[in-house]
Amino acid sequence: MNSAIFTDSNFAQEGDLVQLQGTGHRSHLLVLEAGAVLQTHRGVIRHDDIIGTAWGTRLESHQGNPFYLLQPSLSDLIKGLKRGTQIMYPKEISYILFHMGIGPGKRVIECGTGSGGLTTALAYMVGTTGKVYSYERKAQIQDLAIKNLTKFGLQNRVDFKVGNAEDGFDEENVDAIILDLPNPQEYLHHVRKSLRGGGSLGMILPTFNQVEIILRELKLANFAMIEVSEILQRFYKTDWARLRPVDRMIGHTGFLIFGRKVDRLAAEDSDDEAFDDEQGNQD
Ligand SMILES: C[S@@+](CC[C@H](N)C(=O)[O-])C[C@H]1O[C@@H](n2cnc3c(N)ncnc32)[C@H](O)[C@@H]1O
């Protein structure tokens with residue numbers, strides 16, 4: 001069944017993707033199917049009791065445990081997908097989408113499909129007029145991503161391809177390319193071939209050493225407007241009488257690196273010693 005995440009109805013219908021949000025951040029993503037039953041460790045809920053119910057209703061399992069009936073947000077989809085690999089966090093994904101201008105009609109390559117976390121967000125944003133080309137070297141891992149996107153009803157917006165970045169990409173003149181894999185510097189020549197002039201490249205890398213290497217290589221490959229950033233997000237307990245940060249936070253995920261493909265760099269952009277050495281320039 002193709003699930004609906006973009007519904008205008010005020011009531012949950014058969015085929016809709018719904019989020020049952022329990023207390024304590026526990027939630028379930030499910031596609032409504034007449035006759036089906038959701039088993040949770042907090043009790044059983046029959047899909048028939050959800051179908052036709054207004055969004056925002058407080059439901060109860062057979063044990064009397066409460067669940068709110070919600071339409072999942074993009075962030076809920078990413079947090080709720082089944083994982084076989086480390087996925088990108090919504091805090092990084094949201095900045096990537098914003099910074100790289102991923103929106104309706106865009107054509108985007110990603111390499112390193114993994115479990116499909118970023119793929120979900122890209123497919124959601126490019127809409128029905130855009131396309132995501134998602135490459136992954138391990139078919140088994142990509143199968144999980146395909147299952148996730150199918151559950152969300154987003155699979156038709158993605159061309160899933162089993163392939164290694166070493167072999168390059170089939171598409172040309174795409175608007176943006178995102179590499180979520182080790183050693184992206186080895187694939188910059190393929191990126192240049194597939195990216196349109198002025199197009200945006202984005203990467204995520206966990207360590208400083210990798211960032212140093214990619215910065216040097218981006219210049220040599222004529223990428224301008226290079227940016228490195230790190231997104232830190234701190235959540236708060238929402239008790240108004242005891243407002244304070246939560247006890248634990250995620251200390252580190254990765255560094256985001258961006259650049260734009262240009263035909264050649266301006267002198268100011270290529271003005272550093274390492275670059276001069278590489279080019280054989282004298283002082
Ligand atoms: C960290 S995961 C990607 C996670 C994904 N962005 C997400 O949000 O779910 C990295 C993936 O890149 C794949 N990969 C690593 N090197 C690759 C290469 N050279 N070509 C294609 N895929 C590669 C790995 O198999 C792995 O599934």
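This note sets out the sheets, the helix packing and the ligand shell of the model in numbered points.

1. Basis of the note. The model is predicted, so local features are described only where pLDDT is at least 70 and side-chain atom pairs only at pLDDT 80 or more, while totals for chains, interfaces and linings use all residues. Numbering runs from 1 along each chain as its sequence is written.

2. The four-stranded sheet. An open sheet of 4 strands has the order S2-S1-S6-S5 with antiparallel pairing; two strands pair if DSSP finds at least two bridges between them. Helices (H or I, at least four residues) and strands (E, at least two) are DSSP runs, numbered from the N terminus. Strand S2 (27-31) and strand S5 (58-60) are at the edges with a single partner strand each, so one side of each has no neighbour in the sheet. From one strand to the next the twist averages 35 degrees.

3. Strand S1 (residues 17-21) runs antiparallel to S2, and 5 bridges join them. Leu 20 has His 28 in S2 as its bridge partner, and Gln 19 has Leu 29 in S2. The two strands form a hairpin with 5 residues between them, and Gly 24 in the turn has a positive phi of about 70 degrees.

4. The seven-stranded sheet. A second topic is the open sheet of 7 strands, ordered S9-S8-S7-S10-S11-S15-S12, in which the pairing is mixed. Its edge strands are strand S9 (158-162) and strand S12 (223-229), each of which pairs on one side only. Here the twist averages 15 degrees from one strand to the next. S12 pairs with strand S15 (residues 255-261) in the antiparallel sense over 5 bridges, and Val 228 has Ile 257 in S15 as its bridge partner.

5. Helix H3 on the sheet. H3 packs on this sheet, touching strand S7 (107-111), S8, S9 and strand S10 (174-179), and its direction makes about 165 degrees with that of S8. Contact requires C-beta atoms, placed from the backbone, to lie within 7 Å. Axes are lines fitted to C-alpha atoms, for helices over the stretch in contact, and angles run from 0 to 180 degrees between N-to-C directions.

6. Helix H3 against helix H4. The axes of H3 (residues 117-126) and H4 (residues 139-151) come within 10 Å and cross at roughly 40 degrees. Thr 119, Thr 120 and Ala 123 in H3 meet Ala 145, Asn 148 and Leu 149 in H4. By class, this contact has 3 nonpolar, 3 polar and no charged residues; Ala, Val, Leu, Ile, Met, Phe, Trp, Tyr, Cys and Pro count as nonpolar, Asp, Glu, Lys and Arg as charged, and the others, Gly among them, as polar.

7. The ligand shell. The ligand is surrounded by 21 residues, of which the closest are Ile 87, Gly 112, Gly 114, Gly 117 and Arg 137; a residue belongs here if its C-beta atom, placed from the backbone, lies within 6 Å. H3 and strand S8 (131-136) each supply at least two residues of this shell. Its classes are 8 nonpolar, 8 polar and 5 charged residues.

Note on methods:
Contact = placed C-beta atoms within 7 Å.
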